[in-house]
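Here's a quick briefing on a sheet and a couple of loop residues. Have a look at the model first, then read on.

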Amino acid sequence: QVQLVESGGGLVQDGGSLRLSCAASGNIFSIDIMGWYRQAPGKQRELVASISGGNTNYADSVKGRFTISRDNTKNTVYLQMNSLKPDDTAVYYCNAKIRKYRYSSVYDYWGQGTQVTVSS
């Protein structure tokens, strides 16, 4: 089985910083894309940032404040969040598109979610 385990959420003041981590483990041949999504109360889940190879993609709302990075040797993705705002408050979910075997299809896997709360 494949597991994604997140860490690093918490409570921070307006303007503060947090770093999220997500480690993938289990039966993994390769990971195509890793990313972070978030879901605030009453809102749909939205893409925050993703990384594939050397290419990164960010939601407009976090550009210049958040940085996604990846350590392929550890199957781990990070999200450095700076200049946090109350609007960033949400549950943050790690996502990975994983191939379990050389010729298998790619499937989506999700972490359990970690709460990020930014107080004003």
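**Loops and sheet at a glance**

Asn75 sits in the loop between E7 and E8; strands are DSSP E runs of at least two residues, numbered from the N terminus. Keep in mind that this is a predicted model, where local features need pLDDT of at least 70, side-chain atom pairs count only at pLDDT 80 or more, and totals for chains, interfaces and linings use all residues. Residues are numbered from 1 along each chain as its sequence is written, and side-chain values use heavy atoms, with hydrogens and water left out.

**Positive phi in the loops**
- Asn75 isn't a glycine, yet its phi is positive at about 50°.
- Asn75 is partly exposed at 25% relative accessible area (buried is under 20%, exposed over 50%, partly exposed in between, with a 1.4 Å probe and protein chains only).
- Ser83, in the loop between E8 and strand E9 (90-99), is another non-glycine residue with a positive phi, near 50°.
- Ser83 has 42% relative accessibility, so it counts as partly exposed.

**The open sheet**
- Four strands line up as E1-E3-E8-E7 with antiparallel pairing (pairing takes at least two DSSP bridges between two strands).
- E1 and E7 (66-71) are the edge strands with a single partner each, so one side of each has no neighbour in the sheet.
- E1 joins E3 (residues 18-26) through six bridges, and Leu4 stands opposite Ala24 in E3.
- E3 also pairs antiparallel with E8 (residues 76-81) over six bridges, with Met81 in E8 as the bridge partner of Leu18.

**Faces of E1**
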